[in-house]
Structures are given as structure tokens and as C-alpha cells.
Amino acid sequence: MSVSKSVIVIALCFLFSIDSVFSKVEKCYGCTSLVDVDCVLNPEQDKFVMDCKNLTFRQGIDSMRIFNGRDNEAVDWACAKATVSNDLPGNKTIKQVVRACAPKNACEQKVSSGITLNSCDICTSDLCNSSSVISVGFYSLTICLAMIFVYWK
């Protein structure tokens, strides 16, 4: 009894997608470059490790009041790295990098007044927000498409 290659490819794609959707993040790097320049230069330090398990939205990424979030609500966490610009009086702007626990849909949320979201990356494994991150879902999709391209005949 042989299993066709297409069934195997579809099953693997399903497993990749489940991992990125249902994974539970417990720890992320949490920092802002306005407070500590190491947030940009060397974020993989114990001092930046943030425990996401029992946080509410305001205690995660929105402790910096970047997003118009919900207060006192449990969240399905992911890790985020955002680059934002804050408008200051006198037509001045300050840019910062923020890393933190964040809702999985944080990059889709409306930002607070006076803040511009320049980039926002979400990842769904522990401590995955230490560098420029492309969502795990992107990698899963790329792998699936490559497998389909190679094996689908």
C-alpha cells in the first residue's frame, strides 16, 4: 500500500500550519531602545526575558501604549518586534525598537495617536523576537509551496 506524494505534502503543510497557529508562547524578549540601547544591539540577554503567561494586554507590548488595546483581558500571546516613530512637539520624531509579548494580531491593530508603526513582526515560539523576524507562518507557507512545486506531478 503506497501513499501518494500529494497526500504526504498536504499532511506536512497541515502540520506546519497547526504549529504556527496553535503554538503557545511563554517567554519573549521585552525591551525598548529608548530605555536600553542593548534592545537593538544585543537583545538576547537574560535581563530582557519577559514571562508572558500571566500578562494582560496592558502589561505586554502595550505597556508602552503603542496600540489602542484592551485592558485587563487575557491574551493568546506571540512575540513581537516593532519599530515605531513617536511624534514630539516641534515637529520632531523619535524612533524606537520595541520587543515584547504581544497578541498574535498585534501588527493588525490600530496604533495610538501620535505613533507611526514603521514595521511589526510577530513570531510564535519562545524568545523568537531577538532579530528581524518574519512570521513563522511565512516560513511554513514557503516550505509548503516549495514541496508542492517539487512533488506535485
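Colleague: Let's start inside. Is Cys52 buried or exposed?

Modeller: The relative accessibility of Cys52 is 0%. The cut-offs are under 20% relative accessible area for buried, over 50% for exposed, and partly exposed in between (1.4 Å probe, protein chains only). So Cys52 counts as buried.

Colleague: Before we go on, what kind of model is this?

Modeller: Residues are numbered from 1 along each chain as its sequence is written, and side-chain values use heavy atoms, with hydrogens and water left out. Local features need pLDDT of at least 70, side-chain atom pairs count only at pLDDT 80 or more, totals for chains, interfaces and linings use all residues, and the model itself is predicted.

Colleague: Fine. What pattern do the helices and strands follow along the sequence?

Modeller: The protein chain has three helices and six strands. Helices (H or I, at least four residues) and strands (E, at least two) are DSSP runs, numbered from the N terminus. Read along the sequence, the pattern is α-β-β-α-β-β-β-β-α.

Colleague: Back to Cys52, then. Which residue forms a disulfide with Cys52?

Modeller: A disulfide here is a pair of cysteine sulfur atoms within 2.5 Å. Cys52 has a partner whose sulfur sits 1.9 Å away, in a left-handed link with -75 degrees about the S-S bond. Cys52 lies in the loop between strand E3 (49-51) and E4 and its partner in strand E5, so the pair ties together parts that are 49 residues apart in sequence. That partner is Cys101.

Colleague: And how many residues apart in sequence are the parts tied together by Cys28 and Cys79?

Modeller: A disulfide joins Cys28 to Cys79, S to S 2.0 Å, and with -90 degrees about the S-S bond the link is left-handed. Cys28 is buried at 0% relative accessible area, and Cys79 is buried at 0% as well. Cys28 belongs to strand E1 (residues 27-29) and Cys79 to strand E4, so the parts they tie together are 51 residues apart.

Colleague: What is the handedness of the link of Cys123 and Cys128?

Modeller: A disulfide joins these two with S to S 1.9 Å. Cys123 is buried at 1% relative accessible area, and Cys128 is buried at 15%. With 95 degrees about the S-S bond, their link is right-handed.

Colleague: What pattern do the disulfides make along the chain?

Modeller: The structure holds five disulfides. Counting the bonded cysteines along the chain, the pattern is 1-5, 2-3, 4-6, 7-8, 9-10.

Colleague: Now the outside. Is Val35 buried or exposed?

Modeller: Val35 sits in the loop between strand E2 (31-32) and helix H2 (38-41). Its relative accessibility is 72%, so Val35 counts as exposed.

Colleague: Last one: what share of the contacts with a separation of 6 or more comes from residues 24 or more positions apart?

Modeller: Contact means heavy atoms within 4.5 Å. Among contacts in the protein chain with a separation of 6 or more, the share from residues 24 or more positions apart is 63%.
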